[in-house]
Amino acid sequence: MAPFTTYIIPESPDKETAGMDQWLWIITDSPLLPACEELLQKICEALKAEFSKEVKLIVCPPEKSLIISDMQPNSFSLILSFGIPPSRLGIWIDLNGPGIRYLESYCFMLTIGLSELIHQPSAKKDLWSFMQLYLRSTDFNVLNKQP
(Lines give C-alpha, C1' and ligand atoms only; values in the text may rest on other atoms or scores of the structure.)
Protein backbone atom coordinates (compact mmCIF):
# COMPACT_ATOMS: atom_id res chain seq x y z
CA MET A 1 0.00 0.00 0.00
CA ALA A 2 1.36 3.43 -1.00
CA PRO A 3 1.66 6.10 1.70
CA PHE A 4 -0.58 9.17 1.58
CA THR A 5 1.01 12.17 -0.05
CA THR A 6 1.40 15.13 2.26
CA TYR A 7 1.59 18.61 0.85
CA ILE A 8 2.94 21.52 2.82
CA ILE A 9 1.04 24.73 2.03
CA PRO A 10 2.99 27.91 2.83
CA GLU A 11 1.21 30.27 5.20
CA SER A 12 1.92 33.76 6.37
CA PRO A 13 3.06 34.18 9.98
CA ASP A 14 -0.51 35.00 11.02
CA LYS A 15 -1.86 31.83 9.33
CA GLU A 16 -3.92 33.95 6.95
CA THR A 17 -3.80 34.60 3.24
CA ALA A 18 -1.17 37.25 2.69
CA GLY A 19 -2.29 40.63 1.38
CA MET A 20 -6.05 40.17 1.71
CA ASP A 21 -6.26 42.51 4.67
CA GLN A 22 -4.86 45.46 2.69
CA TRP A 23 -8.23 46.94 1.78
CA LEU A 24 -6.93 50.51 1.26
CA TRP A 25 -4.59 51.06 -1.67
CA ILE A 26 -2.80 54.40 -1.74
CA ILE A 27 -1.13 55.47 -4.96
CA THR A 28 1.41 58.30 -5.03
CA ASP A 29 3.73 59.67 -7.69
CA SER A 30 6.88 59.65 -5.53
CA PRO A 31 8.30 58.00 -2.40
CA LEU A 32 7.03 59.48 0.86
CA LEU A 33 8.82 62.32 2.57
CA PRO A 34 8.46 62.44 6.40
CA ALA A 35 5.90 65.29 6.29
CA CYS A 36 3.88 63.46 3.64
CA GLU A 37 3.99 60.23 5.62
CA GLU A 38 2.63 62.00 8.69
CA LEU A 39 -0.28 63.45 6.68
CA LEU A 40 -0.92 60.07 5.10
CA GLN A 41 -1.08 58.38 8.49
CA LYS A 42 -3.66 60.95 9.64
CA ILE A 43 -5.71 60.29 6.51
CA CYS A 44 -5.56 56.53 7.14
CA GLU A 45 -6.57 57.03 10.76
CA ALA A 46 -9.59 59.06 9.64
CA LEU A 47 -10.51 56.24 7.23
CA LYS A 48 -10.19 53.72 10.09
CA ALA A 49 -7.28 51.93 8.41
CA GLU A 50 -4.18 50.79 10.23
CA PHE A 51 -1.30 52.12 8.11
CA SER A 52 1.11 49.26 8.82
CA LYS A 53 -1.39 46.44 8.19
CA GLU A 54 -4.36 47.55 6.10
CA VAL A 55 -2.70 49.91 3.62
CA LYS A 56 -0.86 48.99 0.45
CA LEU A 57 1.32 51.88 -0.72
CA ILE A 58 2.04 51.96 -4.45
CA VAL A 59 4.45 54.44 -6.03
CA CYS A 60 3.69 55.21 -9.69
CA PRO A 61 6.41 57.50 -11.10
CA PRO A 62 5.22 60.21 -13.52
CA GLU A 63 6.66 58.47 -16.59
CA LYS A 64 4.94 55.13 -15.87
CA SER A 65 1.44 53.69 -15.85
CA LEU A 66 -0.01 50.77 -13.88
CA ILE A 67 -2.84 48.40 -14.62
CA ILE A 68 -4.77 47.96 -11.38
CA SER A 69 -6.78 45.01 -12.71
CA ASP A 70 -3.53 43.02 -12.96
CA MET A 71 -2.77 43.54 -9.24
CA GLN A 72 -5.22 41.37 -7.21
CA PRO A 73 -8.32 43.50 -7.89
CA ASN A 74 -10.49 41.71 -5.32
CA SER A 75 -8.26 42.50 -2.36
CA PHE A 76 -9.15 46.19 -1.89
CA SER A 77 -12.27 48.24 -1.35
CA LEU A 78 -10.82 51.76 -1.69
CA ILE A 79 -8.16 53.27 -3.92
CA LEU A 80 -6.93 56.69 -2.83
CA SER A 81 -4.86 58.24 -5.61
CA PHE A 82 -2.69 61.27 -4.96
CA GLY A 83 -2.19 63.02 -8.29
CA ILE A 84 -2.41 59.89 -10.46
CA PRO A 85 -5.48 60.03 -12.73
CA PRO A 86 -7.49 56.82 -13.19
CA SER A 87 -6.53 56.62 -16.88
CA ARG A 88 -2.87 56.00 -15.89
CA LEU A 89 -4.07 53.11 -13.73
CA GLY A 90 -6.08 51.39 -16.43
CA ILE A 91 -9.37 52.51 -14.88
CA TRP A 92 -11.62 54.05 -17.49
CA ILE A 93 -13.90 56.34 -15.55
CA ASP A 94 -14.79 59.98 -16.03
CA LEU A 95 -12.73 61.67 -13.32
CA ASN A 96 -10.40 64.38 -14.59
CA GLY A 97 -9.94 66.24 -11.30
CA PRO A 98 -10.32 65.58 -7.58
CA GLY A 99 -13.42 63.55 -6.81
CA ILE A 100 -14.88 60.20 -5.82
CA ARG A 101 -16.43 57.42 -7.91
CA TYR A 102 -18.16 54.29 -6.71
CA LEU A 103 -17.40 51.36 -8.96
CA GLU A 104 -18.84 47.85 -8.90
CA SER A 105 -16.41 46.33 -6.41
CA TYR A 106 -14.51 49.30 -4.97
CA CYS A 107 -14.41 53.06 -4.56
CA PHE A 108 -11.90 55.36 -6.27
CA MET A 109 -10.83 58.72 -4.82
CA LEU A 110 -8.62 61.18 -6.65
CA THR A 111 -6.96 64.19 -5.08
CA ILE A 112 -3.87 66.27 -5.79
CA GLY A 113 -0.36 65.04 -5.00
CA LEU A 114 0.61 64.63 -1.35
CA SER A 115 3.33 67.29 -1.44
CA GLU A 116 0.78 69.79 -2.84
CA LEU A 117 -1.97 68.68 -0.45
CA ILE A 118 0.12 69.64 2.58
CA HIS A 119 0.04 73.30 1.51
CA GLN A 120 -3.55 73.60 0.23
CA PRO A 121 -6.21 73.68 2.96
CA SER A 122 -9.05 73.82 0.41
CA ALA A 123 -7.86 70.57 -1.20
CA LYS A 124 -7.63 68.97 2.26
CA LYS A 125 -11.21 70.04 2.93
CA ASP A 126 -12.35 68.49 -0.37
CA LEU A 127 -10.54 65.24 0.43
CA TRP A 128 -12.14 65.23 3.89
CA SER A 129 -15.60 65.52 2.34
CA PHE A 130 -14.83 62.62 -0.06
CA MET A 131 -13.66 60.52 2.89
CA GLN A 132 -16.84 61.32 4.81
CA LEU A 133 -18.95 60.23 1.83
CA TYR A 134 -17.00 56.98 1.63
CA LEU A 135 -17.33 56.28 5.37
CA ARG A 136 -21.08 56.98 5.29
CA SER A 137 -21.53 54.63 2.32
CA THR A 138 -19.57 51.82 4.00
CA ASP A 139 -21.55 52.26 7.24
CA PHE A 140 -24.77 52.14 5.22
CA ASN A 141 -23.65 48.97 3.40
CA VAL A 142 -22.68 47.26 6.65
CA LEU A 143 -26.05 48.10 8.21
CA ASN A 144 -27.96 46.79 5.19
CA LYS A 145 -26.06 43.47 5.15
CA GLN A 146 -26.98 42.51 8.70
CA PRO A 147 -29.74 39.87 9.00
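Strands here are DSSP runs of E with at least two residues, helices are runs of H or I with at least four residues, and both are numbered from the N terminus. Two strands pair if DSSP finds at least two bridges between them. One spot to look at is S81, which stands opposite L110 in β5.

Before going on, a word on the model. This is a predicted model, with local features needing pLDDT of at least 70 and side-chain atom pairs counting only at pLDDT 80 or more, while totals for chains, interfaces and linings use all residues. Residues are numbered from 1 along each chain as its sequence is written, and side-chain values use heavy atoms, leaving out hydrogens and water.

Now the overview. The chain has 4 helices and 5 strands. Read from the N terminus, the order is β-α-α-β-β-β-β-α-α. Of its 147 residues, 35% count as buried. Buried means under 20% relative accessible area, exposed means over 50%, and partly exposed is in between, with a 1.4 Å probe and protein chains only.

Back to the sheet. In what order do the 5 strands stand? The order is β2-β1-β3-β5-β4, in an open sheet with mixed pairing. β2 and β4 (99-102) are at the edges with a single partner strand each, so one side of each has no neighbour in the sheet. Strands pair through backbone hydrogen bonds, either parallel or antiparallel.

Next, strand β1. β1 pairs in the parallel sense with β2 (residues 55-59), over 5 bridges. On β3 (residues 78-82) the pairing is parallel too, over 4 bridges. L24 stands opposite V55 in β2, and in β3 its bridge partner is L78.

Is β1 enclosed or open? 5 of the 5 residues of β1 are buried, so the strand is largely enclosed by the rest of the structure. Both faces are covered, with L24, I26 and T28 buried on one side and W25 and I27 buried on the other.

Look at T28, in β1 (residues 24-28). At 2% relative accessibility, T28 counts as buried. Which residues does T28 touch, beyond those up to four places away in sequence? They are L57, I58, V59, C60, F82, I84 and L114. Contact here means heavy atoms within 4.5 Å.

On to the core. A nonpolar core is a set of buried Ala, Val, Leu, Ile, Met, Phe, Trp, Tyr and Cys residues joined through side-chain atoms within 4.5 Å. The largest one has 26 residues, and L24 and L47 touch the most other members. Two or more residues come from each of β1, α1 (34-46), β3, β5 (107-111), α3 (114-117) and α4 (121-145). α4 gives the most, with 6 residues. L24 itself is in contact with residues including C44, L47, A49 and L80, leaving aside neighbours within four places in sequence. Apart from this core lies another, of 15 residues, among them C60, M71, F76 and L89.

What about the cysteines? C44 counts as buried, at 0% relative accessibility. C107 is buried as well, with a relative accessible area of 1%. How many disulfides does a search of the whole structure find? The search finds 0, where a disulfide is a pair of cysteine sulfur atoms within 2.5 Å.

Last stop: the aromatic rings. Rings of Phe, Tyr and Trp (its six-membered ring) pair if their centres lie within 6.5 Å; planes under 30 degrees apart are stacked, over 60 edge-to-face, and the rest tilted. The structure holds 2 such pairs. W25 and F76 make a tilted pair, 4.3 Å centre to centre with 40° between the planes. W25 is in β1 and F76 in the loop between β2 and β3, so the pair ties together parts 51 residues apart in sequence. W25 counts as buried at 0% relative accessibility, and F76 at 5%.

F76 also pairs with Y106. Their ring centres are 4.8 Å apart and their planes at 65°, so this pair is edge-to-face. Y106 sits in the loop between β4 and β5, 30 residues from F76. Together, W25, F76 and Y106 form one aromatic cluster.
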